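Here is a short briefing on one structure. Look at the sequence and model first, then read the points below.

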Amino acid sequence: MKHIIIGTAGHIDHGKTTLIKALTGRETDTLKEEKSRGISINLGFTFFDLPSGKRAGIIDVPGHEKFVKNMLAGVSGIDIVMLVIAADEGIMPQTKEHLEILQLLNIKNGAVVLTKKDMVDDEWLEMIKEEVREKIQGTFLENSPILPVSSRTGEGMDKVMEYLDKASEEVEAKDTIGHFRMPVDRVFSISGFGTVVTGTIYGGRITIGDIIEIYPQRIKGKIRNVQVHDKDVNFAEAGQRCALNISGIKTEEISRGDVIAKEGILEPSLMIDCSMYYLKSADKPLNNRQRVRLYHGTDEILCRVVILDREEINPGESAYVQLRLEKPISAQRNDRYVIRSYSPMVTIGGGAIIEPVARKAKRLNKEYIEELKIKESGSVNSIIESTVDKLSKDYPGNNEILKALGKNEEKLPEILENLVQEKKIICLQSGDKNIYIHNKFFMKKLEETEALLKEFHKNNPLKPGISKEEFKNKIFTKSLKQKNYDELLKLLIEENLIKITGNSIALDSFQVVYSKEQQEIKNYILKEYTEGAYAPPKVEDLSSKVKNKKEFKAVLESLIEQGELYKVSEDCILKSDYFIKAKEDLIEFIEKNGAVTAGEFRDMLNTSRKYAVAILEHLDSLKITKRVEDTRVLA
């Protein structure tokens, strides 16, 4: 079902609130001060039924220049606008500013309503119509009707109703399938119920019992009740105004400008990349790093404009900018925003958010600007590919990609799979969570791997390779899950780049080559350990008979690392095949006899108790055996 939100805009005292009361029969000024002063200060909300039976929400915004902040909070979610102009006064300053704001927010449907028709004669009314028609040329309203009405007598109201009903048919259906998101415009507490917030739903659906997250604070709550048009409902969806009763959240923890959304889909950021149009009406160029006020959703944030593609922005020009904010924003790609000058507060520009979670950019960087152009106008597939490319160093999963993508994208898993099939990205499986890296990132890792191992082999010619842990920390990241690391190693092996021996990683082409002197030392060491069997010689005794102590140490370590010798303990090194046989014989003995003592194991190996116990304790540490009183059993 299509849901419609109608809003007003226009100068103070031009009859917006009275017009809404004439259409709906309801008063939207509820504050005591509003009633006493006869002006709207805060946003007003109500609803009414169109002739076709559709129920429309309606938002009344204040017209006074002091309350443009409130006006912006109201119009950001509307589908159809009524630009209200009093027939006895015509276009006024706030009329112009409100129209500029509507343009910047990309509002597409609307009409001009000339109120107070009963206060002017026909000739004056025609003159005002001509003036209005001239001023709305080049705007989204240029082909829209101008509807004269009298809210006091009701004259012309049928034409307004007829127009709104017809225009509602042309409103694009909202994204009710995507993730729920709603900027907050009011927060209050109801005795017995607790915290209540209201807003216009930008996307998705919210249901009683849903767990939501408040951004940018990242606090969670549960939906206790949902109301639409003053009635309790089971759910509300995009295009509707609703009130949400949230449990687990205190009223003081939420304020206007916050965003309520499905947990985990937004990433608050202090920097956003945007396209920006600087209004022709601006009286001077916009300077780099100028402090301004950003209006997004229902929020106002102070920020500085970093101009990315030029030195300054002249009135009437468009540019790419990075907004560096003084508090976090919770936005999505393609969200519209408005900029007002810091002081005096005047609307000067606005546009669309391209990258809602931006990295700090250097000015006049052609590569960065090209990236923004792709994101701004590229296909969804290319945008997602670019996002994975940017995030690859963090090994992102679906949720991380969705946050960085900055927009609802229900087909994300399908698109990621297509990109995998096209070999543009690589999927690494990790239980129920896949992670993704771009192929360019993997190619870079191939280059880094080759460079690292070449340097390592040059400096350590007798070592079989670098340890797996050191390689992981230097090429990938310490936090990478073991399963994903194993997958990456497998890919490197498939590229014929590396080989793995035990715990060592080497270039596939690498071989340990001993010099003549080293070969003699190697033969000597292996001979001694072969003859020593389970009563091996001490390292210091072997070393004392070799002239070149440095080469002896290097060769000994090489033999251990390559697996020809096995280091049981600091005082016990065995030929590897001897250790394997001792382990197998021990397991066979225990399986046959149930347990083994240190003495029995000593006799099996024909060695001393010292070495028998050293081997047993090592097997305990490997969880092959375990000690039970004075015996060993299988672990």
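Leaving aside neighbours within four places in sequence, Ser-386 is in contact with Glu-371 and Lys-375 (contact means heavy atoms within 4.5 Å). This is a predicted model: local features need pLDDT of at least 70, side-chain atom pairs count only at pLDDT 80 or more, and totals for chains, interfaces and linings use all residues. Residues are numbered from 1 along each chain as its sequence is written, and side-chain values use heavy atoms, with hydrogens and water left out.

**Ser-386**
- Ser-386 sits in helix H8, residues 380–391 (helices are DSSP runs of H or I, at least four residues, numbered from the N terminus).
- Ser-386 is buried, at a relative accessible area of 16% (buried means under 20%, with a 1.4 Å probe and protein chains only).

**Helices H11 and H13**
- The axes of H11 (residues 439–459) and H13 (residues 482–494) come within 11 Å and cross at roughly 75 degrees (axes are lines fitted to C-alpha atoms over the stretch in contact; angles run from 0 to 180 degrees between N-to-C directions).
- H11 is therefore roughly perpendicular to H13 (65 to 115 degrees).
- Phe-442, Leu-446 and Thr-449 of H11 meet Leu-488, Leu-491 and Leu-492 of H13.
- The residues of this contact divide into five nonpolar, one polar and no charged (nonpolar: Ala, Val, Leu, Ile, Met, Phe, Trp, Tyr, Cys and Pro; charged: Asp, Glu, Lys and Arg; polar: the others, Gly among them).

Methods. Helix = DSSP H or I, 4+ residues; strand = E, 2+ residues; numbered from the N terminus. Buried < 20%, exposed > 50% of the residue type's maximum accessible area, 1.4 Å probe, protein only. Parallel < 35°, antiparallel > 145°, perpendicular 65-115°, else oblique.
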